[in-house]
Amino acid sequence: ALPRARGKLRGADAVLTGEGRFDATSFYGKAPSVLARLARRAGVPVGLVCGSIDPSVRGRLRRQGLIAVSFADAGASPKQSFAQAAKWRQKRRRAP
């Protein structure tokens with residue numbers, strides 16, 4: 001899927017990608033970071049949705065222009081994130 005991503009990014013309004021847990025290792029070759037890099041190069045805004053985000057990488061995400069949210073920010077445990085993803089997605093959408 002990633003090899004064809006460049007062509008699909010042309011004309012896209014935005015890209016939404018995600019990972020279970022985003023941490024420092026996520027910046028090194030994992031699909032969400034590769035896709036985000038390709039999208040940024042194409043001038044397409046990127047959103048990242050995760051179960052949780054390591055607090056130590058939030059600054060780097062902001063500097064890279066990634067809009068990042070996590071279910072954990074809305075109060076979900078990892079088990080709840082999997083079992084009730086739709087509920088936590090809605091709750092996170094309303095969170096400040």
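Student: Why is Ser26 called buried?

Tutor: Buried means under 20% relative accessible area, with exposed over 50% and partly exposed in between, using a 1.4 Å probe and protein chains only. Ser26 has a relative accessible area of 0%, so Ser26 counts as buried. This is a predicted model, where local features need pLDDT of at least 70 and side-chain atom pairs count only at pLDDT 80 or more, while totals for chains, interfaces and linings use all residues. Residues are numbered from 1 along each chain as its sequence is written, and side-chain values use heavy atoms, leaving out hydrogens and water.

Student: Where is Ser26, and what is Ser26 in contact with?

Tutor: Look in the loop between S1 and H2; helices (H or I, at least four residues) and strands (E, at least two) are DSSP runs, numbered from the N terminus. Contact means heavy atoms within 4.5 Å. Leaving aside neighbours within four places in sequence, Ser26 is in contact with Glu19, Arg21 and Ser33.

Student: What makes Phe22 and Phe27 an edge-to-face pair?

Tutor: Rings of Phe, Tyr and Trp (its six-membered ring) pair if their centres lie within 6.5 Å; planes under 30 degrees apart are stacked, over 60 edge-to-face, the rest tilted. A search of the whole structure turns up one aromatic pair. Phe22 and Phe27 form it, at 5.1 Å centre to centre and 90 degrees between the planes, so by the cut-offs they pair edge-to-face. Both of these Phe residues are buried.

Student: How do you know that the charged end of Arg60 sits over the ring of Phe27?

Tutor: The rule wants NZ of Lys or CZ of Arg within 6 Å of the ring centre and within 35 degrees of the ring normal. For Arg60 the distance to the centre of the Phe27 ring is 3.8 Å, and the charged end is listed as sitting over that ring.

Student: How do you know that S1 and S2 pair?

Tutor: Two strands pair if DSSP finds at least two bridges between them. Seven bridges join S1 (residues 15-22) to S2, so they pair, and they run parallel. Phe22 has Ile53 in S2 as its bridge partner.

Student: Why is the unit of S1, H2 and S2 called right-handed?

Tutor: A crossover is right-handed if, with the strands pointing away from the viewer, the path from the first strand over the helix to the second runs clockwise. S1, H2 (residues 31-41) and S2 make a β-α-β unit of that hand.

Student: What makes S2 mostly covered?

Tutor: Of the eight residues of S2 (residues 46-53), seven are buried.
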